[in-house]
Amino acid sequence: IPEHFFRSLNRHYLPICITFGIAIVVGAAVIANFAAEVIGSWNSAAPGITKRMFAVVGALLVVSLPAIQLVDNWKLRDASSRYFAFDYARNSLSELPPNAIYFTGGDNDTFPILYLQDVEGIRRDVRLVNLSLLVDPTYAKRLVREDPTLPIPTTRTLHDAAKPDWTDSTLADVVRLNAGRRPITFAITTTGILAGFKRFTRLDGLHYRAMSHADSPIVLDTL
C-alpha cells in the first residue's frame, strides 16, 4: 500500500487554496492599479516605453508563477500510473461469492468498487452497501427501493444510530432478515466498524464473511 494512500489531505485543503487564490488575484489587481497610477504620474521622456515594460514584466509574472508551480508539483501529484485503488477493488470483487452483499466502511473502499461495477461492468451481481451511510434512514430506504431483496432494516432513525450498539444490532437484523439467502461480506477496511459483530465473521482473503456462529476458524484455501 503506498504511503499515505488512504488519507491524502490535498482534497481537504482545496477550498482554502481557492479562497487564497481569489485573495491573491484581488491583491494583485490592487497593486497593478497602484503601479499604473504611479507610472502614469511620471513625467518621463519616453512614457510609452515605461508602460510597455510594465506590461511585459506583469505578463511574465502572471505566466511564470503558475508555470513554476506546475513544473515543481507535476511529478509529485501525477496519479496517472497509480493503480492501487483499481487493483484493490478488482481483487476484492473477484473473490466475493456470487450474489453477495458487500459492506464497505468509507469512501476509499467504496468509490473504486462503484467505478468497476458501473463503468467497467465487473461483478454487478454484488450489491454494495456502505455501512457508515446506514445511519441515514433515507439511504437504507433507497437501497431497499432499488433492490427489494436486500435484508436492510428501514425502520431505524438517526436517534437509533446514536446508540453505542447501533452497528451490532443493525448487522444482527441484516443477518436475521437475510435468513441465509445471500452471502453477507465485509471489506477488510471495516474492521474498526464491525465492533462486537466481528466475532461472527471469518476472514476470507480480502473480505470478512458473516457466519452463523462466533469465532469461526479461517479456511486457508480461501486466503
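1. R90 is partly exposed in this predicted model. Its relative accessible area is 36%. D87 is partly exposed too, at 30% relative accessibility. The two side chains form a salt bridge, with the closest N and O atoms 3.1 Å apart. D87 and R90 sit 3 residues apart in helix α3 (residues 84-94), so about one helical turn separates them.

2. R182 pairs with D147 in a salt bridge; the closest N and O atoms are 3.2 Å apart. This pair links distant parts of the chain, 35 residues apart. R182 is in the loop between α7 (166-178) and β3, and D147 is in the loop between α5 (137-146) and α6 (158-161). Both residues are buried.

3. R202 and D204 meet in a salt bridge at 2.9 Å, N to O. R202 is buried at 15% relative accessible area. D204 is buried at 6%.

4. The whole structure holds 7 salt bridges. R127, R142 and E146 are linked in a network of them.

5. Turning to the rings, the whole structure has 4 aromatic pairs. F103 and F186 are stacked, 5.1 Å centre to centre with 20 degrees between the planes. F103 lies in strand β1 (residues 101-104) and F186 in strand β3 (residues 184-187), so their pair ties together parts 83 residues apart in sequence. F103 is buried, at 0% relative accessibility. F186 is buried, also at 0%.

6. F186 and F197 form an edge-to-face pair, because their planes stand at 65 degrees, over the 60 cut-off. Their ring centres are 5.8 Å apart. F197 lies in the loop between α8 (191-194) and β4 (201-204). Ring pairs link F103, F186, F197 and F200 into a cluster.

Note on methods. Residues numbered from 1 in each chain as written. Predicted model: local features only at pLDDT ≥ 70, side-chain atom pairs only at ≥ 80, totals over all residues. Heavy atoms only, no water. Phe/Tyr/Trp six-rings, centres within 6.5 Å; stacked < 30°, edge-to-face > 60°. Helix = DSSP H or I, 4+ residues; strand = E, 2+ residues; numbered from the N terminus. Buried < 20%, exposed > 50% of the residue type's maximum accessible area, 1.4 Å probe, protein only. Salt bridge = Lys/Arg side-chain N within 4 Å of Asp/Glu carboxyl O.
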